[in-house]
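Hi,

Here is the structure I promised to send over. Have a look at it first, and my notes follow below.

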Amino acid sequence: MFPENQIYLASRSPRRRELLRQVGVRFNLLMMRETLGRTIDVDEQSLENEAATDYIYRITQFKATEGWKRLLQRRLPVLPVLVADTIVTIDGCILGKPRDKMHAEDMLKTLSGRSHQVLTAIGVGVKDNTQVKLSTSTVRFREIGEQEIRRYLENNNILDKAGAYAIQGVAAAFIAEISGSYSGIMGLPLYETIQLLEEVGIQVV
């Protein structure tokens, strides 16, 4: 057991915070460096010819390792570190966060009228041990017109969202069908998350 049954969440995502609160997990934020003029802690560029599952496992493991390093450097109380990473894949290609609105428009045109996969890996690090689980879901978009895509991009901030959309936002109107984990598509699959936390001694339910 850890003091007061708490963890660190190494993520800036408000959706992940919301999901943890939903199941009563107590957490402190462990922020990684992403500010201008400072080296980022995690380089999320994929390697040449890297498979989507290899990529997401590698990034999640690395995030957990870097999170633990930050905990020690800042001399924080020792608690499990939870990290997560979400990607969208279609035709074997990884769609990460769009570079700009033009890139986002291209992504949504690619997804229009087709099915794609949303992969979310979560990792829990304790000392030099990190356990990772993967949630894979399938999402099918209806046909989306160019004007509809442009209106959506004009009125919504999508630059921090894999595949240029969020299932819990306006883009839910694009979705004809999902198969898998709704919370996983949001960015934190609760079933797998609870499993990992309980394995390291965090009581959730």
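Leu 108 touches Phe 141, Ile 149, Tyr 152, Leu 153, Gly 163, Ala 164 and Tyr 165, leaving aside residues up to four places away in sequence (contact means heavy atoms within 4.5 Å). Leu 108, Phe 141 and Tyr 165 touch the most other members of the largest nonpolar core, which has 41 residues. By nonpolar core I mean buried Ala, Val, Leu, Ile, Met, Phe, Trp, Tyr and Cys residues joined through side-chain atoms within 4.5 Å; buried is under 20% relative accessible area, with a 1.4 Å probe and protein chains only. A second, separate core has nine residues, among them Tyr 8, Ala 64, Trp 68 and Val 81.

This is a predicted model, in which local features need pLDDT of at least 70 and side-chain atom pairs count only at pLDDT 80 or more, while totals for chains, interfaces and linings use all residues. Residues are numbered from 1 along each chain as its sequence is written, and side-chain values use heavy atoms, without hydrogens or water.

Now to the strands (DSSP runs of E, at least two residues, numbered from the N terminus). Strand β5 (residues 115-126) is largely enclosed by the rest of the structure, because 10 of its 12 residues are buried. Nine bridges join β5 to the antiparallel strand β3 (residues 81-90), and 12 bridges join β5 to β6 (residues 129-141), also antiparallel.

Thr 86 lies in β3, and its side chain makes a polar contact with the side chain of Thr 120 at 2.9 Å (N or O atoms within 3.5 Å, one able to donate a hydrogen and the other to accept it; residues adjacent in sequence count only if both atoms are side-chain atoms).

Best wishes

Methods:
Buried < 20%, exposed > 50% of the residue type's maximum accessible area, 1.4 Å probe, protein only. Helix = DSSP H or I, 4+ residues; strand = E, 2+ residues; numbered from the N terminus. Pairing = 2+ DSSP bridges.
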